[in-house]
Amino acid sequence: MTTLSTAAAQPPTDAPAPADAPLLTIAQVAGRTGLTAHTLRYYEQDGLLLVPVTRSSSGQRRYREEDVAWIVLVTRLRSTGMSITGVREYAELVRQGPSTEQARLDLLQRHRERVLAQLAEVTEHLGAVDRKIDVYTARLAART
């Protein structure tokens, strides 16, 4: 299971970060998000990020806090079963601006319904495990 930092999982706002905001290396972002550098590069190359990651004069990736917040959101969408295609579609809608908010809402509501169905199924499976635990607990208690 991926452990995420406490960074906000909201898409970046239109307000730019202060000019003096520190930029993060790929290793720092990997450490904060629990993702590998390979995954971060993949997310960038596959169009899952909102904007291209800035580069240092030597070509190394430099991430803004807004990039990290978006990556955390992408990771949560993926962790809840959204496909790469779905994440890419969502990112494209966000890049298109406020006129796509209804489409974004629709996409996220459909995803939420799928997550709730999965949660109900897992809850049912957990109930079966709990019943077996109760059986063995009762049997062992009866032996003492």
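Modeller: The model is a predicted one. Its secondary structure consists of five helices and two strands, arranged along the sequence as α-α-β-β-α-α-α. Of the 144 residues in the protein chain, 31% are buried. Among contacts between residues at least 6 apart in sequence, 61% link residues at least 24 apart.

H3 has 15 residues, and the distance from its first C-alpha to its last is 21 Å, close to the 21 Å expected at 1.5 Å a residue. Eleven of those 15 residues fall under the 20% relative accessible area that defines buried, so H3 is largely enclosed by the rest of the structure. The buried positions include Glu66 and Asp67 as well as Trp70, Ile71 and Leu77. Just after H3, Gly81 adopts a positive phi of about 95°.

In soluble globular proteins, nonpolar side chains tend to be buried together. Here the largest nonpolar core has 27 residues, and Val29, Leu40, Tyr63, Trp70, Ile71 and Tyr90 have the most contacts inside it. Helices H1 (26-33), H2 (37-45), H3 (65-79) and H4 (84-96) are the elements that each give two or more residues to this core. H3 gives the most, with seven residues.

At 1.5 Å a residue, the 43 residues of H5 (residues 101-143) should span 63 Å; the end C-alpha atoms lie 62 Å apart, which agrees. The buried residues of H5 are Arg104, Leu107, His111 and Gly127, and H3 and H4 are among the elements that cover them. Leu126, also in H5, counts as partly exposed because its relative accessibility is 47%, a value between the 20% and 50% limits for that class. Together with Val129 and Ile133, Leu126 makes a nonpolar surface patch of about 260 Å².

How values were computed. Residues numbered from 1 in each chain as written. Predicted model: local features only at pLDDT ≥ 70, side-chain atom pairs only at ≥ 80, totals over all residues. Heavy atoms only, no water. Core = buried A, V, L, I, M, F, W, Y, C linked by side-chain atoms within 4.5 Å. Buried < 20%, exposed > 50% of the residue type's maximum accessible area, 1.4 Å probe, protein only. Helix = DSSP H or I, 4+ residues; strand = E, 2+ residues; numbered from the N terminus. Expected span 1.5 Å × (residues − 1). Contact = heavy atoms within 4.5 Å. Patch = residues over 30% accessible without salt bridge, like charges linked within 9 Å, V, L, I, M, F, W, Y side chains within 5 Å. Areas by Shrake-Rupley, 256 points an atom, 1.4 Å probe, with all protein chains shown as cover. Salt bridge = Lys/Arg side-chain N within 4 Å of Asp/Glu carboxyl O.
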